[in-house]
Each structure stands twice: as structure tokens, then as C-alpha cells.
Amino acid sequence: MKVVTTERQLREAVAALRRRGRKVGFVPTMGYLHEGHLSLVRASRRECRTAVVSVFVNPIQFGPKEDLKSYPRDPARDLKLLRRAGADVVYLPREKGFYPDGFQTSVRVRDLQRPWCGRTRPGHFDGVATVVSVLLHRVGPDAIYMGQKDYQQAVLVGRMIEDLSFPVRLRICPIVREKDGLAMSSRNVRLSARERAKAPLLYAALKRMREAAAGGQRRTARLRGIGLEVLEAIRPEGRLEYLEIGSAVTLEPMVELGPGGRAVAAVAARFGRTRLIDNLFLGG
Ligand code: AMP
């Protein structure tokens, strides 16, 4: 496993993989890795026979009041896990110098950045689209692996790849969960015991909605009501930010499930200073 910190070393390491006739799979992360991240590394190894992983807490996707400073970090542990998972190249850039001096470009995916997390995190997805663009240019992979966990992010990156002709295939991988259903997240370690006990209710609510949809309930207002009932129990530790049902392609709200295409139920809630998200396809 090669660990590189500069763009030049990164390009050289990727070129070396290519000289060995390999396709290049790429997994962007912000580190503090868990099984969810490692499942992406394994998918990349399986499909491309390589995995180039970036570990970079991207400052421009955090708002001024968000948790950039306190975001959990442990690069030594990350490297150990990546070595075990079979990563070929790890790009661990220093924060300073990642963006060139005088950097002023931003990539915005206009409509997809607006709903869901975009409402409470203005500018967040511009930061994501911009960093993914920079990383795709530096790595030049054949495929990029992202998690369904951040569904809005994955759909938005897919749109950007198509719109801007990035020659790369997006693979969206399933959400890896704890035994009690909580979606794995680097931020879970910051939950208090009481918050941690309530956090699985997010998935429980989504599952209840999916069951109702499977049972024939098509009205999204009714399905949402069913989810909200479960989510009442997150209080007082948790505070709901949103529960939405939208098109899996455009994220636009749907009145009814069915002919309009596949639907996704998505939820976000705050537990103290920790914000958690989750989502689930409703049928189809
Ligand atoms: P992050 O480090 O949080 O920016 O996540 C890096 C990548 O890992 C993103 O594509 C996430 O969607 C993905 N990811 C995070 N958590 C999970 C999970 N529990 N299951 C699957 N993928 C995940």
C-alpha cells in the first residue's frame, strides 16, 4: 500500500497501477473509517482489482457553525484499516495546500443541492461537488465508489459526472449498519449513551414506512405520518430535521408511490451536536 500526500505522488502512484494494466477504482472519504467505508474499498477491489482511497476532511463542505474542527480524525488507525482491506494507494493530503492559493472556483449542481440536507446546510453540496471534481481530476479513476448512506450526495455526484463529462462510472454501494440498524457513521462515536440508544429509531421509522408501502399504502403523506409517529420517540435527546419521500432520481417530493418512479424515504435528525442521516428505498 502506497501512502502519498502530494498531487504529483498521487498521479505517479496511479500511473504505476495503470502500467500494470489495472483499472482504477476510487473511494473518497473523510477518514475515521468504519465498515461502511471499507465495504466501498472492497467493492472497488472486487470490480477494478484496485482501490485508491482519499482521506481528507474537506473544509469547504462545512458551514461556519459546523463541526469541521471537532470532526473525528485518526489517520494512523485509518491506514491500518486500509492496509488490511487491501487498498493500493492512499491519498492523505495536508489541509493546507490542497486547494491552490487564490482558489475561487465552485461547482454547483443547481437543483439537487437544494432539498433535504441542502436546506439546513447551505453551500454544503457545492463544497462536495467541488472537492469531488478536484479529486476526480487528480486521480483519473475508471470508477468512483460512494455509499447510499449519503444518498443526496451520491445522486448529485452522478448528475455532475454526467453534466461535466467526467469519464468515470459511479457505483453506489449499500448502507452498512450496526446490529441494531443504526447506519454506520464516523460521527456515531460522538453520541452519548442516551443519544446512541435513541439513534436506531431513524432506521426503525424508515423500515415501518417501507412495510406500509409494501402493504399497499401509496399516499406519501400517509407514509410520512407513519414514520413521524415512530420518530416522536427520539425526543428529548433527538430533534427531527426532516423526513421526506422523494423521487430516487430527482429527489422531488412525490404525492403517490408508483408510476412516477422509484421513491426514497430520507431522514435527518440532531442528537445534541451530532447530526445523523439515513434513507431507504420504498419498494421497487
Ligand atoms: P465520509 O467519510 O463520511 O465522507 O464517507 C465517505 C464515503 O463512505 C461516502 O461515499 C459515504 O456515503 C460512504 N459511507 C459512509 N457511511 C457509510 C455506511 N454506513 N455504509 C456505506 N457507505 C458509507
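User: So what kinds of residues make up the shell around the ligand?
Analyst: The shell divides into nine nonpolar residues, six polar ones and two charged ones. Keep in mind that this is a predicted model.

User: And which residues are the closest to the ligand?
Analyst: Those are Met30, His37, Asp150, Val176 and Met184, out of 17 residues that surround the ligand.

User: Where in the fold do the shell residues come from?
Analyst: Strand 2 (25–29), helix 2 (35–48) and strand 5 (143–147) each give at least two residues. Helix 2 has the largest share, with three residues.

User: OK, what about the oxygen atoms of the ligand? What lies 2.9 Å from one of them?
Analyst: A polar side-chain atom of His37 does. A polar backbone atom of Met30 is also 2.9 Å from a ligand oxygen, and so is a backbone N or O atom of Gly147.

User: How much of the ligand's accessible area does the protein cover?
Analyst: On its own the ligand has 490 Å² of accessible area, and the protein covers 93% of that.

User: Switching topic: where is Phe56?
Analyst: Phe56 sits in the loop between strand 3 (52–55) and helix 3 (75–85).

User: Is Phe56 buried or exposed?
Analyst: Phe56 counts as buried because its relative accessible area is 5%, and the cut-off for buried is under 20%.

User: What does Phe56 touch, beyond its sequence neighbours?
Analyst: Leaving out neighbours within four places, its contacts include Met30, Pro93, Phe98 and Val131. Pro93 is 37 residues away along the chain, yet the C-alpha atoms of Phe56 and Pro93 are separated by 6.6 Å.

Note on methods:
Residues are numbered from 1 along each chain as its sequence is written. This is a predicted model: local features need pLDDT of at least 70, side-chain atom pairs count only at pLDDT 80 or more; totals for chains, interfaces and linings use all residues. Side-chain values use heavy atoms; hydrogens and water are left out. Helices (H or I, at least four residues) and strands (E, at least two) are DSSP runs, numbered from the N terminus. Buried means under 20% relative accessible area, exposed over 50%, partly exposed in between (1.4 Å probe, protein chains only). Contact means heavy atoms within 4.5 Å. A residue is near a molecule or strand if one of its heavy atoms lies within 4 Å of it. A polar contact is a pair of N or O atoms within 3.5 Å; within protein, one must be able to donate a hydrogen and the other to accept it, and residues adjacent in sequence count only if both atoms are side-chain atoms. Accessible areas come from the Shrake-Rupley method with a 1.4 Å probe; for residues, only the protein chains shown count as cover. Ala, Val, Leu, Ile, Met, Phe, Trp, Tyr, Cys and Pro count as nonpolar, Asp, Glu, Lys and Arg as charged, and the others, Gly among them, as polar.
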